[in-house]
Amino acid sequence: DSPSQLPAPQNPKIRLYNAEQVLSWEPVSLSREEGPVVYQVQFKYATSKKWFNLRPSHSHHVNCSRITATECNLAPAGLAGVFQPLHNVSLRVRAELRERASAWAVVPWFQRYLNMTIGPPEDIQVTPGEGSLTISFSPPFDIEPSVASFSYYVHYRENAGGQQVKGPFENKLIELKDLKPLRMYCLQVEARLSWNVGKMSTPGLFSNVSCHETTADASTKLQEVVLIAVGTFLSLIGLAGACLFLTLRYRGLIKHWLRTPPGVPVQIGVYLRDPEQPVLETLDRDSSPQEDTWDSVSVLSVPEE
């Protein structure tokens, strides 16, 4: 560069992601004495040889003429983009400082719908059903129906199973049918941009993997009820058999446990109920020896022979 010429901006690049269209570059560094640098952005179409400044009169309220920022937003939120989706466009940027200017840094030709990166569908919600999964979502961004449309694909697999793909779908509400009940399925959703003219299609990025378990259908629920009933019946039979076995094996011990404990004598029971009664005297009287009674004894003698 000559002393009167500024260094050119380095690494100019265009970011085309969904509805975003942002041109950016590295800043030009100068000494403080020279003052702040401003940048000028221009564009032209492939069908024209003339460059135009990116200012409101030419670019739908987008102003990237003599700006201090190191990026130019070509599609601000709430405003229409500067360029039509199918137009071939080239951009260039240079640094300016009073009467001095740098060389132009040119960005290669691009066509938005052809060169953009399409993100995954947004607001994805999955509702498990009886052997099915219902998927709802919104498109990655708004497009012009007269120019292109989205088609959607669902990539899914059963846990530890092979990958399967369903699509294309035009609707933003998709139902995966004929799935196995009570199984875990992991899925991703992809949006592809298809042009109305020609057969060109731009694939998009996959959504994050999400896993969901299907619910039981009617036959599976009936099988569960039958299995529970059979299991309960077998458990009761097993419990009854175990009780019978223990009863026969430990019959003697059970009889010992069930034997009636020794009773309390009547007199003691009376005393415990009414200690004032002379129970002890009664016991002594009842236990005193009775007078001996003698029967008559006859003595017989046998003569000796």
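On the scale used here, buried means under 20% relative accessible area, exposed means over 50%, and partly exposed lies in between, with a 1.4 Å probe and protein chains only. Lys-180 forms a salt bridge with Glu-158, and the closest N and O atoms are 3.7 Å apart. The term salt bridge stands for a side-chain nitrogen of Lys or Arg within 4 Å of a carboxyl oxygen of Asp or Glu. This pair connects distant parts of the chain: Lys-180 sits in the loop between strand S14 (173-176) and strand S15 (184-195), whereas Glu-158 belongs to strand S12 (residues 148-158), 22 residues apart.

The model is predicted, so local features need pLDDT of at least 70 and side-chain atom pairs count only at pLDDT 80 or more, while totals for chains, interfaces and linings use all residues. Residues are numbered from 1 along each chain as its sequence is written, and side-chain values use heavy atoms, with hydrogens and water left out.

Now to the chain as a whole. The protein chain contains five helices and 17 strands. Helices (H or I, at least four residues) and strands (E, at least two) are DSSP runs, numbered from the N terminus. Of the 305 residues in the protein chain, 30% are buried. The protein chain exposes about 20,800 Å², and carbon and sulfur atoms supply 55% of that area; accessible areas come from the Shrake-Rupley method with a 1.4 Å probe, and for residues only the protein chains shown count as cover. Among contacts in the protein chain with a separation of 6 or more, 60% involve residues 24 or more positions apart. Contact here means heavy atoms within 4.5 Å.

In what order do the three strands of the open sheet stand? The order is S1-S2-S6, with antiparallel pairing. Strand S1 (10-17) and strand S6 (71-73) each have a single partner strand and stand at the edges, so one side of each is left without a neighbour in the sheet. From one strand to the next, the twist averages 10 degrees; the axes behind such angles are lines fitted to C-alpha atoms, for helices over the stretch in contact, and angles run from 0 to 180 degrees between N-to-C directions. S1 and strand S2 (residues 20-26) pair in the antiparallel sense over six bridges, where pairing requires that DSSP finds at least two bridges between two strands. Lys-13 stands opposite Ser-24 in S2.

I return to the charged pairs. The structure holds six salt bridges. One of them joins the side chains of Arg-66 and Glu-96, at 2.6 Å from N to O. Here too the pair links distant parts of the chain, with Arg-66 in strand S5 (residues 65-67) and Glu-96 in strand S7 (residues 88-97), 30 residues apart. Arg-66 is partly exposed at a relative accessible area of 46%, whereas Glu-96, at 8%, counts as buried. Arg-66, Arg-94 and Glu-96 are linked in a network of salt bridges. Another salt bridge brings together the side chains of Glu-190 and Arg-192, at 3.0 Å from N to O. Is Glu-190 buried or exposed? With 2% relative accessibility, Glu-190 counts as buried, while Arg-192, at 25%, counts as partly exposed.

Strand S7 also holds Ser-90, a residue that counts as buried at 4% relative accessibility. A polar atom of the Ser-90 side chain lies 3.2 Å from the backbone oxygen of Val-107. Leaving aside residues up to four places away in sequence, Ser-90 touches Gln-42, Phe-43, Lys-44, Trp-51, Val-106, Val-107 and Trp-109.

Finally, some points of backbone geometry. Gly-167 and Pro-168 are joined by a cis peptide bond, with omega about 5 degrees, and Pro-168 is placed in strand S13 (residues 163-169). Arg-98, a residue other than glycine, has a positive phi near 55 degrees. Arg-98 lies in the loop between S7 and strand S8 (100-101) and is exposed, with a relative accessible area of 60%. Leu-182 likewise is not a glycine, and has a positive phi of about 55 degrees. Leu-182 is found in the loop between S14 and S15, and is partly exposed at a relative accessible area of 37%.

Methods
A polar contact is a pair of N or O atoms within 3.5 Å; within protein, one must be able to donate a hydrogen and the other to accept it, and residues adjacent in sequence count only if both atoms are side-chain atoms.
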